[in-house]
Amino acid sequence: MPLARMAIDTERKYGKISDDIYLMYIRAAGLPIITIFFITALIWQCLRVYTDIWLQQWSDVHGRVASKGHVVLHPSEQDHEVTYYFRMYAAISCVCIIMALVSTPAGQYAGCNARRNLHDKLLQTILHKTLHFFQVTPLGRIVNRFSNDMAVIDKKIAATGQRLLQFTLLCLSAILINVTITPWILVLTLPICGAYYLIQKFYRCSARELQRIENATNSPVISHLSETIQGVTTIRAFNQQTRFTEILFKRLEANTIAYALLNTSHRWLGVSLDYLGGCIVFVATVTALTAASVSCRRHYEATTSPSASASPSPFETYAVTKSPSELRPSPSLVGLAINYTLLVPIYLNWVVKLLADMEMYAGSVERIAHYAQGQDADADTDADVDADLDHEPSSNEDVSAEVDRSSQSDAGDKVYPGATTAAGDVDEDGDQQRNGGARGGGGGCGDRQGHENGSEAKADKLNAGNATGDGNHLNIHHPPATAGDKVEQVTTKTSVIKDKQLPLQQDDKDKKVVLPNEPARKLERYQSVPISWPQRGDIHFDNVSLRYEGQKQNVISNLTLKIPAGQRIGICGRTGSGKSSLGLSLFGVLQTTRGHIYIDDVDIQRIRPDELRTRLSIIPQDVHLFNATIRENLDPHGYFQDLQLWNCLELAQLKEFVNGHLPLGLDTMICDGGLNLSAGHRQLLCLARAILRGSVCLVLDEATSVLDSSTESALLKAADLAFRGRTIITIAHRLTTILDYDRLIVLDQGRIVEDGNPRELQQLEGSVFRGLLEKGASKW
Ligand SMILES: Nc1ncnc2c1ncn2[C@@H]1O[C@H](COP(=O)(O)OP(=O)(O)OP(=O)(O)O)[C@@H](O)[C@H]1O
Ligand SMILES: [Mg+2]
């Protein structure tokens, strides 16, 4: 699949990890805490080294006192000296401990911040991706980001960062001490450090790519496993176990080879650095000992020279009495240098290994950044496609500004969708401006029963136990005041929001906004719609051309269609003629390359997609249910009371089933996305969800294709009843089910070829629809 291939290629990165990725991590961790961590770690390390130097000085002084046998210090002076050195040593150690106590938690806290922020960022980004993204991105890869990559960020980066800083500082101090004691070691150290640099560079380049390959080969294993588990019944039915096992083995093998190579590279590094470390120890020890022996020889020559024994000058007297600790370098310094030198190879090994590890781990941040920044890439791809397209006058073109989601009024989000049509809009005085149903019909169960002077009005009484299903007693939009058999509805106070002016204000026009992860909708100046929108359900496709994101061909071309409010319209046409695309276009899923789609005179391209999608309802062919209770599936936000849920279930003809067959009623868990319910029950539950939402427009996209004819007619009857007086667009599965609809259109290659009353079209000689009916087909 070329699209999928494209997605794979763009995600595989090559070469050095950019500094921006490290900066992104540091920003996610928080600059202040990183600074505190760095400074305290620096002080801690300096003091750690200084305690060793202090010990060395202490032992030097002690040695000098001990060797000056003829210069007898008073015991109190000796005590004073010991106490002084001890106290200083204790004080330095204490500060050292305090710094460690600050530095380590600061490092962990920074890591904690980073992992939380990056995870949130990834989650937010993925949740806001377009449908196109999920079509071209294998699920395994997304799972991999959240599992493997997040695990690396979670467990590795902070710890590795801390150790890297610690070993780098130790290494620098070891080199510094050696250079201070015997400066000419620098001459030998420099080429050895150069060799280290070359080895680590070679290793890091290889390890980085090997790690990427390992990661890239891991995703297919996860994808294959999850796909296999999902389709295990089909695989068994077609006896394809061997094929699937072989594919799994092949993918596992590829992953294992990559992993083995990665591990081998680690071992190679270990062996190389050990050899190099041996060289360093040898060179440093030899230089320190040579320096010490040269100093000793000078001392010996000074003490045994004839001039020294004849008439000693004051200076010579000093030379004679000079103790070994006064030699340069003193034995204790040589000891310190050798001690540190022995540690240098170990530290350097760690520094190189940790640097490489850090780079590999940063790959995880890079992959997450790829999603976070994918928006730009998507936009670029989009721009390319645009450039390739024949230059159609797009509705997008005349809108240049982009709009900020956050700057929009969130009124629509804060109030549950049902309230959109529920309580109507009430002015500041509490007067209900809009009363009742969109289409006047007062008898419909889904119709909003109007009340004059609505703020004071009391709604119909609901009787949960005796709800009959004709809907006359139901006003699902008004939360009942009490939970009892008889419930008095009250006007929803959350809807004290005035309808806003629909045309854009000048201020709005100047507002610039960036809509994350909706690259397909580039226009992007969103206007806020009133909470009551859409009130009528008037739909108007005005010379519309539509295409899917990333595609060059339009699936709907120059389509003009007016669906008056409350009309029940059926759509039929051959497979691939664009029926579903037309339905989905109302939800802003497709890109509009020409024309406009208006719902209640509002161009839907100017409405935030998430807002738009909460105002309409669709029952697709494949219904998705969550692994949650029936109640949570119906009302995920918990806006409605049980009475309302039961009434909706009754309207969807599910009340009896939930009440009688499910032991826990509304609290029954739906497992595995609804697999413990029949397909028909899932569809009906979805219908109940749509009824509860109270949208004035319902799209049924072959919603009954998996149902037997009696359940199908039950569902359609239920939908008709619940949505009486509202706009219903039905993409027909069986043409006979839409014969009594108000209107029917036949689509072919994204264009309307027939439009009229179904009965009239049935009678019309030579009509496409009649032909279809005669063939008994829904598509041709
Ligand atoms: N997600 C998608 N990405 C790209 N192209 C798509 C996508 N979905 C559908 N198409 C293309 O759009 C065209 C119309 O598809 P659509 O699903 O609207 O047809 P349909 O009339 O609903 O068919 P069916 O009766 O089989 O459901 C087809 O050519 C199809 O290949
Ligand atoms: Mg379809």
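This is a predicted model: local features need pLDDT of at least 70, side-chain atom pairs count only at pLDDT 80 or more; totals for chains, interfaces and linings use all residues.
A backbone N or O atom of G578 is placed 3.0 Å from an oxygen atom of the ligand, and for S580 a polar side-chain atom is found 2.7 Å from a ligand oxygen atom. Of the 630 Å² of accessible area that ligand 1 has on its own, the protein covers 66% (Shrake-Rupley method, 1.4 Å probe).

The shell around ligand 1 holds 14 residues, of which Q135, G576, K579, S580 and S581 come nearest; a residue counts as near if one of its heavy atoms lies within 4 Å. Helix α17 (residues 579-585) supplies the largest share of this shell, with 3 residues, helices being DSSP runs of H or I with at least four residues and strands runs of E with at least two.

Strand β6 (residues 591-599) runs antiparallel to strand β3 (residues 539-547), to which 7 bridges join it, where pairing requires that DSSP find at least two bridges. I599 in β6 is the bridge partner of I539, and I599 also has V602 of β7 as a bridge partner. Strands β6 and β7 (residues 602-603) pair in the antiparallel sense over 2 bridges, and in their hairpin, which has 2 residues between the strands, D600 takes a positive phi near 50 degrees.

Local features need pLDDT of at least 70 and side-chain atom pairs pLDDT 80 or more, whereas totals for chains, interfaces and linings use all residues. Residues are numbered from 1 along each chain as its sequence is written, chains are lettered from A and ligands numbered from 1 in the order written, and side-chain values use heavy atoms, without hydrogens and water.

Definitions and conventions:
A polar contact is a pair of N or O atoms within 3.5 Å; within protein, one must be able to donate a hydrogen and the other to accept it, and residues adjacent in sequence count only if both atoms are side-chain atoms.
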